[in-house]
Amino acid sequence: MTAGEMLAATVPMVRTLDLAFLESTAERAVVRMPDRADYHNHVGGPHAGAMFTLAESASGAIVIAAFGDQLSRAVPLAVSAEIAYKKLAMGEVTATAVLGRPAAEVVAELDAGERPEFPVTVEIRRGDGAVTGEMTVVWTLRPNS
């Protein structure tokens, strides 16, 4: 099961927004949200909450892809998130997520009995390639008790 399939199966909001996982590897995750009128805000673009969910879902996909082999001993959890809306997003939007630390470093901290934290950065782009939003999600791998 791919990271996208796992998220679609376990996170109902992913299905609600009909998110498409175009790529989900330990290096990069790319997720697309279709343009639908019921996702729009008062100016006709995707609602800020929908864009937040898109970006957070892309960050979750890379976390699952990078650390899926650790799920038997730790649970990935979002610790915090910050988003900046840069330009008006219109139409279909795509979020691209990248790990902010090498996965091996994070796993080494987990091996040492720590609860590692690591950032995931996400860019949201509209169809013409313009960056409409930027998000950073700080994740942790909480060891199972």
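The structure, which is a predicted model, holds 9 salt bridges.

| Salt bridge | Closest N and O atoms |
|---|---|
| Arg28 with Glu23 | 2.8 Å |
| Asp111 with Arg73 | 2.5 Å |
| Arg101 with Glu109 | 2.6 Å |

In the salt bridge between Arg28 and Glu23, Arg28 is partly exposed at a relative accessible area of 36%, and Glu23 is partly exposed as well, at 27%. The salt bridge between Asp111 and Arg73 links distant parts of the chain, since Asp111 lies in helix H4 and Arg73 in the loop between H3 and S3, 38 residues apart. Here Asp111 is exposed, with a relative accessible area of 53%, whereas Arg73 is partly exposed, with 31%. In the salt bridge between Arg101 and Glu109, Arg101 counts as buried because its relative accessibility of 17% falls under the 20% limit, while Glu109 is partly exposed at 23%. Salt bridges with shared partners join Arg101, Glu105 and Glu109 into one network.

**The sheet and its helices**

An open sheet is formed by 6 strands, which follow the order S1-S2-S4-S5-S6-S3 with antiparallel pairing. Strand S1 (20-24) and strand S3 (74-85) stand at the edges with a single partner strand each, so one side of each is left without a neighbour in the sheet. From one strand to the next, the twist averages 20°. The partner of S3 is strand S6 (residues 131-143), and these two pair in the antiparallel sense over 11 bridges, with Ser80 standing opposite Val138 in S6.

Helix H3 (residues 48-67) packs on this sheet and touches S1, strand S2 (29-33), S3, strand S4 (93-99), strand S5 (117-126) and S6, its direction making about 40° with that of S4. Helix H4 (residues 103-111) also packs on the sheet, where it touches S3, S4, S5 and S6, and its direction makes about 30° with that of S6.

**Phe118**

Phe118, found in strand S5, counts as buried because its relative accessibility is 1%, under the 20% limit. Leaving aside residues up to four places away in sequence, Phe118 touches Val63, Phe67, Leu99, Arg101, Val106, Val137, Val138, Trp139, Thr140 and Leu141. Among these contacts is Arg101, which also forms the salt bridge with Glu109. The C-alpha atom of Phe118 is separated by 9.6 Å from that of Glu105, 13 residues apart along the chain, and Glu105 belongs to the network that holds Arg101 and Glu109.

Notes. Residues are numbered from 1 along each chain as its sequence is written. This is a predicted model: local features need pLDDT of at least 70, side-chain atom pairs count only at pLDDT 80 or more; totals for chains, interfaces and linings use all residues. Side-chain values use heavy atoms; hydrogens and water are left out. Two strands pair if DSSP finds at least two bridges between them. Helices (H or I, at least four residues) and strands (E, at least two) are DSSP runs, numbered from the N terminus. Axes are lines fitted to C-alpha atoms, for helices over the stretch in contact, and angles run from 0 to 180 degrees between N-to-C directions. Contact means heavy atoms within 4.5 Å. Buried means under 20% relative accessible area, exposed over 50%, partly exposed in between (1.4 Å probe, protein chains only). A salt bridge is a side-chain nitrogen of Lys or Arg within 4 Å of a carboxyl oxygen of Asp or Glu.
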